[in-house]
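I wrote them while looking through the structure below.

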Amino acid sequence: MKITDILQGEHIVLHNLFDHIEKVAPKLKTLAEIKTIASLMESLINAHGKVEDEMVSLPLDHYLEHIGQLEKFHYEHTEINENLKKIQSSKSIKEARKLLLNAVVFSRCHFDNEERNFFPLAEKFLKNSTLETLGKTYFEKRKKILGE
Ligand SMILES: [Fe+2]
Ligand SMILES: [Fe+2]
């Protein structure tokens, strides 16, 4: 299986998580609940983004730079994580809920952008055999990349 297919599969799982967050967020009554959900989302998104950066962005850096997209992809990963981190220091339920829902919207846009632009670019510029090899080593490398 190609690494791009694996990462798109992760997007589907994360979209399910986002659906759930959007459903429960209005009903959450305490800051602690919002912070726990934000921390879960941060950990999953961070793991996905790190693997994406290491296994797909890195081999494509040269092409991304050429089309002026390199900064944008790195910036979006950082931005999502920073927004989720802010929730942990928030003192207001209203603000934390807003930050959480904003992070969901931003993440969905980021995923859409990757599916429309980034993955097709990877499939155009990386050989099929390279994408398959990256897919094969995904499980082994994932642990290493995430420092587990
Ligand atoms: Fe990403
Ligand atoms: Fe992604």
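Entry 1. The model I examined is a predicted one.

Entry 2. I looked up helix α1, residues 3-24, and helix α4, residues 93-125; they pack at an angle of about 165°, and their axes lie 11 Å apart. The two helices are therefore roughly antiparallel to each other. Their crossing is left-handed. I then listed the residues that make the contact, among them L7, L14 and F18 of α1 and L101, V104 and F111 of α4. Sorted by class, this contact has ten nonpolar, five polar and eight charged residues.

Entry 3. Next I searched for salt bridges and recorded a count of four. One of them joins E123 and K2, whose closest N and O atoms are 3.6 Å apart. Because E123 belongs to helix α4 and K2 to the segment before α1, this pair ties together parts 121 residues apart in sequence. I found E123 partly exposed at 33% relative accessibility, while K2 is buried at 19%.

Entry 4. I checked D19 and R108, whose side chains meet in a salt bridge at 2.7 Å, N to O. This pair links helix α1 with helix α4 across 89 residues. D19 is partly exposed, with a relative accessible area of 42%, whereas R108 is buried, with 18%.

Entry 5. Finally, I recorded the salt bridge of K85 and E42, at 3.2 Å, N to O. K85 lies in helix α3 and E42 in helix α2, 43 residues apart. I also noted that shared partners join D19, E22 and R108 into one network of salt bridges.

Note on methods. Residues are numbered from 1 along each chain as its sequence is written. Chains are lettered from A and ligands numbered from 1 in the order in which they are written. This is a predicted model: local features need pLDDT of at least 70, side-chain atom pairs count only at pLDDT 80 or more; totals for chains, interfaces and linings use all residues. Side-chain values use heavy atoms; hydrogens and water are left out. Axes are lines fitted to C-alpha atoms, for helices over the stretch in contact, and angles run from 0 to 180 degrees between N-to-C directions. Helices (H or I, at least four residues) and strands (E, at least two) are DSSP runs, numbered from the N terminus. Angles under 35 degrees count as roughly parallel, over 145 as roughly antiparallel, 65 to 115 as roughly perpendicular and the rest as oblique. A crossing is left-handed if the near helix is turned anticlockwise from the far one by less than a right angle, and right-handed if clockwise. Contact means heavy atoms within 4.5 Å. Ala, Val, Leu, Ile, Met, Phe, Trp, Tyr, Cys and Pro count as nonpolar, Asp, Glu, Lys and Arg as charged, and the others, Gly among them, as polar. Buried means under 20% relative accessible area, exposed over 50%, partly exposed in between (1.4 Å probe, protein chains only).
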